[in-house]
Amino acid sequence: MAVRPATLARPAPLAGRRSTLRGVLEREGVFSWLMLGPGVLFLLAFVAYPFFYGIFLSLEDRRVASPGIFVGLANFATLAHDAVFWQVTRNTFVYVAITTVLKLTGGLGMALVMNQAFRGRNLARAFLLLPFIVPTALSTIAWMWILDPTFSVVNWLLVRAGVIASGYSFLGNATLAMGSLIVVNTWRGMPFYGITLLAGLQTISSDLYEAAAIDGATSVQRFRYVTLPVIKPVLIIVTMFSVIFTFGDFQLIYALTHGGPANATHVFSTWAFDIGMLAGQLGMGAAVALAILPALAVLIVGLTFYLRRE
Amino acid sequence: MKTRREFLTLTASVAAGAALGPRRAAAAPKAMTVVRESSFIKAFDDYFAKTLLPEYEKLTGIKMSYEAVSVGGMLTRLTTIAETKSGPEIAMTAINWPHLFDSSLVDVTDLATEIGKKIGPWHDNIFDAAVVNKKWKALPWGNIGQLEVYRTDWFKEAGVSKFPDSWEDLLAAGRLLKKAGHPFGFELGHGFGDNHGWLYPLLWSYGGREVDKDGKTVLIDSDETAKAVDFCRRFYRETMFEDVLGWTDVNNNKSFLGEQISCTNNASSILVVAKRDFPEIAKVTDHGLNPQGPKGRFHIINAVSHAIVNHAPDPAAAKAFLRWLYDDKQMSRWLASGDAYYAPFLHGYDNHPMWNPEPRYLPYKESLKTARLHGWPGPASHALSESVAKYVLVDMFAKACRGDSTKDVIASAAAQLKQIYKAK
């Protein structure tokens, strides 16, 4: 068939435009920004803006519904002289440190068990995720009943079994209240460790274990020299995430104790909320919230460097 | 009022507003929203949302909506409304919130004056809560009183036929009742109302004060405070149990209705719920005024009110609605639906039929005479809110109850209050 040169010539400009657009889109620099764009915009709007606005607020004497007055670091200086602030700091670190150790060891144990072959394994995995899936506000209500001295099933069992004469005051005693919150947070957070570490465990080739077994390694040695080195990066990442989440834990503490008794369970997030939203001191509330930042920054930078070195 | 001209101008505008009434709203917005914290009395909310609002809608053509906020969440909601300058036109306020949100609220002095003339006068003690710089910033519809709620049968069994009139007598009764297996349970934890509801009155009744009228002189470090703290420690140890130190507002209700405690400090919601769900307990439940101490008897004010936010597109329309709502024809029916949960601050309602069906609610009306705002006699300031939000007073008493020395707990509270009130 004869081809008319004109027919070939006409589409040329359109094809040129297409190829230009496609060409532009296919450039790595453009395409990557197109893909990153929505995420970056989201982060700017919902993370960066509130974060920098928080810093801005913390430098102001800013009361609710009133214009702020720049006070520099005065809010932080006030906090440094407040005994409750130091109590809250101590509470936060105790809460985060103990729950992290418990969740890490418990989650690792959970992952190791879930990595074994046994009947009903998939069902067990699904059930173990439940604490993480159920909305915190709902599960906290259940815990409220469990820890209630009058209606507590734990107290009921202990009293009926003759272990104790009268029920424990799980939320009225300062030490028990913190202990109770740690238990509930561990219960809720352990599946996150368990499932994430399980994913890490499943990447380990069985050849490595077989080779170690042939070399006469015991099960402890296999864990120490095969399992642990392989899952270490996952372990560090999951710990970092968990520490960040736990530092910011709010719902559970607010619903169960609201920081009581006598501030024994107040942490940065709950205290910041009370000062910012209930006292109307938005500047001071932001300063309290930002007080977590140095600890988190050191942790994140430290772990990131460690991971890079590894 | 500075001049006669200003007085005449105000009077004329009040008269004009009264004459126009709800009709003014007909030319105004197509819709308005009222936001309030859910009441413990469902019928009260229902009457507002399902009867009063549709009536006003029919009258004016304005679509009226009601937004309910969960109990304890209204201050946060109000903060977001004021900060974002968006949302409902009419919002509930309580405690000292009109002072906190002063710059975001419309002056409703004209309405308050008008209502005061018709069904008032207003109780004197409401001015501290609702009037900011001589301007009414909210219109109270009632007080959620905090009184002693007790089991008449167990008190009688312990030989106490009349509710004790003094804190010492209540302590004596509590000793007997605890021995009989019926301890008291007064909240000492971080709830939002039942803790301050009895601890401020206790402090005041012993002559203690947080801060002076000037809002600068911290007075907490006094012999009177020490006596109140010492009493509280004995009261806790001899009549209660450890868990009250961690209680929030739901716990004493649950515990009373679970027949675990014989006396607590609460609003009338315990009896209301008992009548509905536990009629046998309701039969043996009654209310008593807070006992008096060496320096008198006190109660707490929690004046729930309506305020108009100043970003409302048409404040005049919002005012017209409130003028209609606070007319006796509406207000009377609405209050009656509330089971006497709200004690009105208007003397015209002192003998309102709302008090007739249930005489056991009468102490809530009586308590208004001796009711004061949190932090009294200090001003209803931002500092007061900070003290309340930081539980300074509650923790002072709670720490003493758990075993800290009186001197230490007062010193700690004094240090906090000096920082909050920026006192030297």
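Biologist: Which residue in E2(B) does B:Glu37 stand opposite?

Modeller: In general, strands of a sheet pair through backbone hydrogen bonds, either parallel or antiparallel. In this predicted model, where local features need pLDDT of at least 70, side-chain atom pairs count only at pLDDT 80 or more, and totals for chains, interfaces and linings use all residues, B:Glu37 stands opposite B:Val69 in E2(B). Residues are numbered from 1 along each chain as its sequence is written, while chains are lettered from A and ligands numbered from 1 in the order in which they are written.

Biologist: In which sense do strand E1 (residues 31–37) of chain B and E2(B) pair?

Modeller: Two strands pair if DSSP finds at least two bridges between them, and helices (H or I, at least four residues) and strands (E, at least two) are DSSP runs, numbered from the N terminus. E1(B) and E2(B) pair in the parallel sense, over 7 bridges.

Biologist: In what order do the 5 strands of the open sheet in chain B lie?

Modeller: The order is E2-E1-E3-E11-E6, with mixed pairing. Strand E2 (63–69) and strand E6 (139–143) of chain B each have a single partner strand, so one side of each is left without a neighbour in the sheet.

Biologist: Which strands does helix H3 (residues 74–84) of chain B touch?

Modeller: Contact means that the C-beta atoms of two residues, placed from the backbone, lie within 7 Å. H3(B) packs on the sheet, touching E1, E2 and strand E3 (90–93) of chain B.

Biologist: How many residues does each chain give to the contact between chains A and B?

Modeller: Chain A gives 30 residues and chain B gives 34 residues.

Conventions. Axes are lines fitted to C-alpha atoms, for helices over the stretch in contact, and angles run from 0 to 180 degrees between N-to-C directions.
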